[in-house]
Amino acid sequence: QKRYKLSSCNFILVVVCVWINYRENAFMVTFLVVRYAASFDTHYLFWNFTGEWWNANVEDVIAQALATGGPYNISDALTINGQPGDLYNCSQEGTIVFNVTQGETYLLRIINAAMNFQLFFAVANHTLTVVEADAEYTEPYTTDVIVLAPGQTTNVLLTANNSVGQYYIAASVFSPAPESQVPFPQTQTTAILNYQGATSSSNLSLPSFPAFNDSAFVASFSQNLTSQPYSSGFYYMDVPTQVDKNLFFTVGYSLKPCPAGQTCQGPNDTMLASSVNNITFATPNISVLQAYYNQISGVYETDFPDYPLYQYNYTGVNPDDKFSVIGTKVEVLPFNTTVQIVFQDTATLFFENHPMHLHGQSFYVVGSGFGTFDSNTDTPNFNLVNPASRNTFGVPSGGWVAVRFRATNPGVWFLHCHLDIHQSWGMTMAFIVLNGNGPDESLEPPPSDLPPC
């Protein structure tokens, strides 16, 4: 644990993610420090890294699933900062320990870098006060448990206000899909919060977590996150109250035909896929950005549908036709367009919580709920005053979420599910934001030394 003296508060960086046990024994770590205006009496920074583990090359795991059309092999362990923790026999000697001083307040930066699972996170006998989500300030919100989708980040304040001792830090899976269809690692990953002066204990208590499929808790947690006042200068742009472009995107599973002469492991000898508005994204041979900037034709089409190709009772019917259209399609947005997207989960195959991630800029989460979205009854309840600003947000299992943003970042920006296998199956689309006026509102050229892909 390397400490750096700061002037404001204690930082503890905690990355909750999936550790990939490459045969080359390599791994990737991502971190970010956010400066806080609040002042505390403590001044230490803790760098900590976490992960999740496959006893295989993860590229092989994904490749096998894509080749057979069936589900992927789940990870062998969850980890915090590279170690599964005390509940796994293989890593008890390496359990990560965070040392704290009684009475001090610490900032924990928690990152879910998992591949395919959302995670609950908690510290036994301590509360967590959320002050940031996805690098955007929030109104302080105190809770016993937080939840993060893959790709989401959350900063929380933790005060070491308990008796001197040791307490488990833990993470467990949130997975609302049927367990028979989407199995997951059952054993929690743990680290230890160690108070200065504490003696080692073999009888630490675990934090209490919601049930693995408790969508109501996740919805309540998400809806309790609100933004700081825009007038205080916390955000790049305010909440759009008028909408230029209304989009309704269904997200869910779909099927593809099994190639001739091959046996596939999807339902009824098909291949599992996923889609947005019944379009399964086909990855082109060259990047969409390169094709757009260089005006290369034949790489993508600009007719991504604003509404689903197939319209039905999305949360009440498992449709007979589960096949999607395969294509590389984008949505073109003029510069400064205000956009509203309603994401709708569907009952195709089964419900799932899909964490949708937008590249290029953040969005405001103005509403969410269960069931099928009804613009007449749901829109009047939107929060246009202080909604949370995020770049990733889970579409509730069997429900919907509405987001708004202003398209002020010219270029090509992907929108996709942050469950890696769903993205690989095609739950992806892209926006092309056109140039505005002048160089400050235009896509910059690539650097002269940009290496070819």
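A residue counts as buried here when its relative accessible area is under 20%, and as exposed when that figure is over 50%. Keep that cut-off in hand, and remember that you're looking at a predicted model.

Let's begin with the cysteines. C417 has a relative accessible area of 0%, so it is buried. C90 is another story: its relative accessibility is 69%, and therefore it counts as exposed.

Now for the pair that is bonded. C258 and C264 form a disulfide, with 2.1 Å between their sulfur atoms. The count for this model is one disulfide. Look along the S-S bond and you'll find an angle of 80°, which makes the link of C258 and C264 right-handed. As for where the two partners sit, C258 and C264 are both buried.

Searching the whole structure turns up three cavities of 30 Å³ or more. The largest cavity has a volume of about 160 Å³. Its lining is made up of 17 residues, and those closest to the centre are V218, S222, N353, F393 and G394.

Which elements give two or more residues to that lining? They are strand 11 (145–148), helix 2 (215–223) and strand 24 (392–395). Helix 2 is the top contributor to the lining of the largest cavity, giving five residues.

Key:
Residues numbered from 1 in each chain as written. Predicted model: local features only at pLDDT ≥ 70, side-chain atom pairs only at ≥ 80, totals over all residues. Heavy atoms only, no water. Disulfide = S-S within 2.5 Å. Buried < 20%, exposed > 50% of the residue type's maximum accessible area, 1.4 Å probe, protein only. 1 Å grid on protein atoms, 1.4 Å probe; cavity = no way out; pocket = protein on both sides within 12 Å on 5 of 7 lines; lining within 4 Å. Points joined across faces, edges and corners; volume = space filled by probe spheres on them. Helix = DSSP H or I, 4+ residues; strand = E, 2+ residues; numbered from the N terminus.
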